[in-house]
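Here is a guided walk through one protein chain.

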Amino acid sequence: MNIPKINFIRNIRRSRLNREHSVCDGKKLYRNACRKIPEKPEAETNLDTHIWKRRSRAWMSEHREKLIEHYMELNTFTPDKMLIVHDPYGFAPLTALCVFRTKEECSVRVSLLDDSGWGYTSEPSEWHWIPIFGLLPDTKNRVLLEIFYEGKKIKEKEIILLTDRLPKYLKNMIKVEKKTERSALPWIFVYGGDTHYPYAFDEKGNIRYYLSEPPKAYGLFPLSGGRFLFLTHNISAPAFANPHAVLAYEMNLLGRTCREYYIEDGIHHDGCEISPGGNFLTVSSSMEKYVEDAIIEIDRESGKIVRKLCLADILSDHPYFDMFDWAHINTVSYLPEEHAVLLCARNIHSVVKINWDTFELQWILCDTEFWKGTVYESYVLTPMPDMEFSYQAHAAYMLNEKTAEGENKLIIFDNHWHARRPVESFDGDKSSYVRIYAIDENAHTVRLLQKYKCRKSKIRSNAIATDERIFSMSGFLNKPVDEYEGMINEYDRKSGKVLNRYLTYNSFYRAYPFFADYQALAKIPSPGKDRKLFGTEGALEPCQRPDIKQAKSMPLFRKRYYKKSSRKLVRKYIRGKQWREEQPEYKLKNDLREIYVRMYDRLLLLYNRDHVIEKVFFCGRQHNYVKDFSHTTQRSPHLFAESRYFLAIPTDALEPDYYQIYFQSRGVLFRLGKKIRVISKK
C-alpha cells in the first residue's frame with residue numbers, strides 16, 4: 001500500500017518544482033491518451049478472444065504522441081508554459097521531453113546545469129520537441145533552455161526535473177579504479193550478459209541513462225539516428241542450445257518503439273544496418289543440426305528475410321563439424337564499398353570476409369595451422385614476421401582508417417582462449433588483448449600493428465578505437481576483481497599506457513560510446529504505418545485436423561516457485577556442475593502445470609519450459625493450422641533445459657473462423673482450453 005502513496009507524493013513534488021509548467025510522467029500520459037483518444041488497435045477489432053491481451057509497444061508509443069500532438073494543435077504550450085513529460089514512453093527513466101511552440105522559427109539550446117557538460121542545440125522550428133538526457137537519479141536536476149531567434153538569444157528558462165531512485169540492480173554498479181585524464185568517451189553504454197538493465201555511465205561512474213526492461217542476454221544492436229534493435233528477453237524460439245529471440249523492437253533512446261519485427265528462426269549475438277535506415281544484417285541459425293552459424297538480411301519495410309547465408313554453404317569441407325555449435329558467429333558487419341560481410345566465428349578462431357552479392361569466400365584471418373591441410377588453406381591470410389594470432393575472439397570490425405601503405409585496419413578483441421576448440425599451436429598466454437591488424441588484400445597478407453594487453457576475459461567483450469585512444473571492454477573477467485566482473489580500460493593509442501579504468505559489478509556483453517543522435521531525436525515523430533507487427537506472414541501452415549477427441553485436458557495451472565534472485569547470475573560452469581550432480585527428473589505433468597497463454601497484438605504467446613511444446617494446433621470449423629516447433633532438440637541441457645520463455649505464434653494467417661487451440665507434448669495431444677474467433681484478416 002505504500003508504493004502508490006510514495007509515487008503520488010513524488011508526482012506532487014514534481015509539480016511543485018515547476019508550478020508554471022504542465023508536468024506528467026509517461027505512464028500518466030498513456031492513461032490520459034486512452035481516455036481522450038479511445039482508439040483500439042487493429043488486433044482487438046479483427047480478433048476476438050477471452051485470452052489476456054497486451055497492446056504492442058509501437059501502438060502505445062504512437063498513442064502517447066497523438067495526445068501530445070492534440071495538445072500542441074490547441075496551441076496551449078509556450079516557452080512560459082511547457083509540457084514536460086518524465087520518461088515519455090515508460091522505458092527510459094532518466095530522460096524527459098519538453099514540448100512547446102514559439103511564434104517564429106527558433107532554435108533551442110538545452111543543457112544540464114551540472115559538471116557533465118551535456119547539451120545540444122536543436123534545428124530552427126516553430127514546434128519544439130526537446131529530448132533531455134543525462135538526468136541523475138534521485139536528484140533535483142537543473143536544466144537550462146535557451147531560445148535563439150536568428151542567432152540572438154531571446155529567452156532563457158530554467159526547469160527542475162526530479163527523478164526516482166535507481167533500481168537495486170544498478171546501485172554501485174561502476175567503480176572508477178583509475179583516473180588520470182579526461183576520457184575520450186564522456187558516456188559509455190553497457191548492456192547484455194549479466195547486466196539486467198542496459199545503462200550508460202559518465203567519467204565519475206554516475207549512471208546517466210538506463211532502460212527499465214531487460215533485453216535478451218545479447219542485449220541490443222546500435223543503429224543510426226539514435227536507434228537500436230532491442231531483443232525481447234522472454235519471447236523466443238527453441239534451438240539446439242540457447243533459445244533465440246524472435247521479437248525485436250526498433251527503438252530510439254527516448255524509449256519510443258518505432259517498429260516491431262517477428263523473426264521466425266530468431267536472432268542472436270549481433271546485428272547492424274546495411275546502410276543508415278536500410279535493411280538489417282543479423283546473426284541467426286540454420287536450424288539444420290547446427291546453431292549460430294547463419295547470417296540473415298531482414299527487409300526493414302516488410303520484416304521478411306530477403307537473404308540467408310549458412311556458413312556451412314561456403315565452409316563445407318573441413319573436419320570441424322563435430323559439434324552443433326561448430327561456428328558460433330558472434331559478430332557481423334557490412335562493408336558498403338565492397339558489398340561484403342565481415343564476421344567473427346568464435347569456435348573456429350576465424351575472422352571471415354564474404355562477398356554478400358555472390359556469397360564468395362574472400363579471405364580468412366586465423367592461425368595458419370588451423371586450416372592447414374584443408375581446401376581453405378589458400379584463403380588464409382599469409383602472416384608477416386612477428387605475427388600473433390587471436391583465439392576464440394569477439395567483436396572484429398574494420399576501422400575507417402588505413403595505414404600509410406594503404407592497408408586496411410581491423411580491430412578485434414582477442415579473448416585468447418581455446419577451451420571450446422583446442423588448438424595445438426595455442427601459446428597458453430593468460431591475458432586477453434585488443435589487437436589491430438593491417439590487411440593487404442592485394443598481397444593477401446596480414447601483420448600485427450598494435451596490441452593492448454588486458455585482464456583475461458573468457459567470453460563476450462569488444463574493443464573501440466578513437467583517434468587517440470583504445471578501449472578494451474572486457475565483459476566477463478575470468479577472475480573477478482573485488483567481486484567486480486567487468487572491466488573497461490582506456491589506453492593511450494601511441495604509448496599503450498592505461499589512462500583510465502572502470503570496473504562493473506555485473507558482467508556485460510558489450511559496451512559502446514553512448515550513441516544518441518540528438519538532432520534526429522528532436523524531430524517530431526510522424527504517425528504512420530509503423531505500428532503493425534512486421535514479418536509474421538507465412539508462420540502458420542494448413543494441416544489435417546488432429547484427432548481432438550483423444551486430446552487430454554490440461555492440469556490446473558500452478559505458479560512456479562522461484563528462489564530469491566541474486567544480483568548476479570550463476571556462472572555457466574557452476575550451473576553445469578549443479579545440473580550434473582542433481583540430474584533433475586522432468587515429469588510431464590509438472591511441466592504442463594506451468595503452461596499459460598497470453599496475446600501480444602496478433603501474437604499468441606505460450607509460456608513453457610524449453611522444448612516441452614512440440615506443436616500448436618488451431619482447429620476451426622472449416623480451417624486447421626499448425627505451428628511446428630519439433631525440428632530441434634536441446635543439446636546443452638545442463639545450461640538451457642531449465643529455460644522458460646514464451647513461444648510466439650503469429651495468427652495473421654488464420655482465415656475467419658472459430659478456433660480451439662491444442663498443443664502436442666511428447667507425442668500426446670492436449671486441450672489448451674482457449675478459443676480465438678478471427679473476424680477478418682488484417
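How far is the sulfur of Cys543 from the closest cysteine sulfur? The distance is 6.5 Å, to Cys619, and that is too far for a bond. A disulfide here is a pair of cysteine sulfur atoms within 2.5 Å. Cys543 is partly exposed, at 23% relative accessibility. The classes are buried (under 20% relative accessible area), exposed (over 50%) and partly exposed in between, with a 1.4 Å probe and protein chains only.

This is a predicted model: local features need pLDDT of at least 70, side-chain atom pairs count only at pLDDT 80 or more, and totals for chains, interfaces and linings use all residues. Residues are numbered from 1 along each chain as its sequence is written, and side-chain values use heavy atoms, without hydrogens or water.

The structure holds zero disulfides. Cys258 is in none; the nearest cysteine sulfur, in Cys272, lies 18 Å away. Cys258 is also buried, with a relative accessible area of 4%.

Now the whole chain. Its secondary structure comes to eight helices and 45 strands. Both are DSSP runs numbered from the N terminus: helices are H or I with at least four residues, strands E with at least two. The C-alpha trace spans about 75 × 75 × 45 Å along its principal axes.

Burial is counted too: 59% of the 682 residues are buried.
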